[in-house]
Amino acid sequence: MYLESSKKAGSIEVICGSMFSGKTEELIRRLRRAQFANQKIHIYKPCIDVRYSEDKVVSHDLHSIESSPIQDPSRMLECLDNGVQVVGIDEAQFFDDSLVKVATKLADNGIRVVAAGLDMDYLGKPFGPMPALMAIAEDVQKVHAICVKCGSPAQHSHRLSKNDDLVVLGEKDVYEPLCRHCFNEAVGKNK
């Protein structure tokens, strides 16, 4: 009895951290393992993320997996194929707060949801739906980059440009990973 009910139990897993910390790489790794186990998967990403591809989730080291670009999290429920067992979500911070309800509904219906995203914005503040998603998740893994200034574990995505829009897509030309101390120095908090 226990095994039968556990097969139908859904869950929410969150992979979070700064830019260049391996979030998307870990998401792809988990989804590939599900594929190897013959589980049916579906991956979503926000339409605005076209840095490497319009229809693939791509890590910084260019590993990729097919995905469906969507504007609104409700599309996950509308275009989900029958029999999907695992749903992957990349760049979750770019979705609105309705992502939390959608992820909950998927998990309540027996689907394993694996979401990856930045937990903090370039100012070091909680980003989008990520705090609420982490609060309801069964598993949260925080991954770290390496601080480009001192080599310590980095949890901040420091923006190099002066643009103060909340969402600015970019790579190493726009962002650098920094530890708390180096981030505070860079933004003038240690003065």
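Predicted model: local features only at pLDDT ≥ 70, side-chain atom pairs only at ≥ 80, totals over all residues.

Visitor: Why are phenylalanine 94 and phenylalanine 127 called an aromatic pair?
Guide: Ring centres must lie within 6.5 Å to pair, and these two are 6.1 Å apart centre to centre. The structure holds one such pair.

Visitor: What makes the pair edge-to-face?
Guide: The planes of the two rings are 85° apart, and over 60 degrees counts as edge-to-face.

Visitor: Which parts of the chain does the pair link?
Guide: Phenylalanine 94 is in the loop between β6 and α4, while phenylalanine 127 is in the loop between β7 and α5. The two are 33 residues apart, so the pair links distant parts of the chain.

Visitor: Why does phenylalanine 127 count as buried?
Guide: Its relative accessibility is 5%, and buried means under 20%.

Visitor: How do you know that the charged end of arginine 159 sits over the ring of tyrosine 122?
Guide: The charged end lies 3.6 Å from the ring centre, and the distance limit is within 6 Å. The direction must also be within 35 degrees of the ring normal.

Visitor: What kinds of residues line the second largest pocket?
Guide: The lining divides into six nonpolar, two polar and three charged residues. β11 and α6 are the elements that give two or more residues to this lining.

Conventions
Residues numbered from 1 in each chain as written. Heavy atoms only, no water. Phe/Tyr/Trp six-rings, centres within 6.5 Å; stacked < 30°, edge-to-face > 60°. Helix = DSSP H or I, 4+ residues; strand = E, 2+ residues; numbered from the N terminus. Buried < 20%, exposed > 50% of the residue type's maximum accessible area, 1.4 Å probe, protein only. Nonpolar A, V, L, I, M, F, W, Y, C, P; charged D, E, K, R; others polar.
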